[in-house]
Amino acid sequence: MHQEPTSAINASTRYCAVYGWPIRHSASPAMQNAGLASLGLDWRYLAFEVHPDLLGEALAGARAMKFIGLNLTVPHKLLAVNRVDLLDDSARLWGAVNTVRFEGRLPSGAWRPLGELDPSAALEIRSQGFNTDAEAITRSLEEDLGLRLEGLAAVVLGAGGAGRVAALKLAAEGASRLWLVNRTAEKAATVAREINHLYPSVKTQLGYPAEAVDLILNATSLGLKASDALPLDEAVFPLPRARTVYDMIYRPAETPLLAKARQAGCQAANGLGMLLYQGARALEIWTGRPAPIDIMRKALKENVYGHV
Ligand SMILES: NC(=O)c1ccc[n+]([C@@H]2O[C@H](COP(=O)([O-])OP(=O)(O)OC[C@H]3O[C@@H](n4cnc5c(N)ncnc54)[C@H](OP(=O)(O)O)[C@@H]3O)[C@@H](O)[C@H]2O)c1
């Protein structure tokens, strides 16, 4: 089902956007525009390729043009922590910003989301940073793989922005054992130290386990390109030792890792659920209304798989 906007773009239309470098692969515009249309809002969601050196200017531009809010993806999530006016608890806790909400100051001094206010009023505007990725990862693991996170034993591949947040969030949710694997070993060691400090009851080690695990989570970018190597070293850790495999990549929908996992009898899921839930929460932050999850999921599937 294709969700049409309530009206053609006009002088009153308001905007949200995603910034990334690169950005052309993003399925967020399809998902968010379906959500906005379903809520009956004369808003649009755009995508801009923003070089990391220009993030400050791009944020200032969105504020000047009274955008409602932004999503940020690679490589902006960490950079934005120091470039927004304030951080919500989620962004402070996870140390990364993937959602920005612009807010206007009322004559009373109170701040309200810009989406609730008349944009033609001369307003003082500020930007607030949020993180909706962490909740989305665990919600998708629970719903798409039926995992119980309490007591989980997992291998996390990758210690970049997404791998770090995933490992910390699994620890926060009560995982019992985590093995961290990353090409640049020092980055995995830094994440392990963070987990040891914040969640000392979680047993965290570097490298692959000798035993079976509940989950292998790929948070590397290996699998985005057809020529990529597998993110997992099968000679050290054979796939049948994992009950489930989650790949944060959603395009291609079936990475070589997921295909091999299914062949090995593992339950497997791609990162579409994570994208859906982080986007749905962002929409709620901008609009103050429940996100039309089913409509957003359908739009995402149509965009990524070519069918619902
Ligand atoms: N589904 C979703 O909603 C969602 C959300 C966020 C991210 N993602 C996906 O998650 C992945 C990671 O994103 P990110 O934000 O964490 O990116 P990032 O910060 O750039 O981290 C990239 C990770 O991939 C590793 N890597 C890159 N090239 C490699 C190679 N040739 N060999 C081995 N390891 C390599 C990096 O290792 P080094 O540390 O050694 O460089 C690092 O661990 C991407 O595929 C992204 O598309 C999905």
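Predicted model: local features only at pLDDT ≥ 70, side-chain atom pairs only at ≥ 80, totals over all residues.
Student: What does the C-alpha trace span along its principal axes?
Tutor: About 65 × 45 × 35 Å.

Student: How many helices and strands are there in the chain?
Tutor: The chain has ten helices and 13 strands.

Student: And how many of the residues count as buried?
Tutor: Of the 308 residues, 50% count as buried. The accessible surface of the chain is about 13,700 Å², and carbon and sulfur atoms account for 53% of that surface.

Student: OK, the largest nonpolar core. Which residues touch the most other members?
Tutor: L141, L170, I195, L215 and L217 do, in a core of 61 residues. Helix α9, residues 272–287, supplies the largest share of this core, ten residues.

Student: Which domains does this core draw on?
Tutor: Domain 1 (14–131 + 274–305) and domain 2 (135–270) each give at least three residues to this core.

Student: Back to L170. What does L170 touch?
Tutor: Leaving out residues up to four places away in sequence, L170 touches T138, L141, L149, L152, A154, V156, A175, L178, L215 and L217.

Student: Which residues does the second core include?
Tutor: That separate core has 20 residues, among them A17, Y19, V97 and L117.

Student: Last one. Of the contacts between residues at least 6 apart in sequence, how many join residues at least 24 apart?
Tutor: In this chain, 73% of those contacts do.

Definitions and conventions:
Residues numbered from 1 in each chain as written. Heavy atoms only, no water. Core = buried A, V, L, I, M, F, W, Y, C linked by side-chain atoms within 4.5 Å. Buried < 20%, exposed > 50% of the residue type's maximum accessible area, 1.4 Å probe, protein only. Helix = DSSP H or I, 4+ residues; strand = E, 2+ residues; numbered from the N terminus. Domains from an automatic or database assignment. Contact = heavy atoms within 4.5 Å. Areas by Shrake-Rupley, 256 points an atom, 1.4 Å probe, with all protein chains shown as cover.
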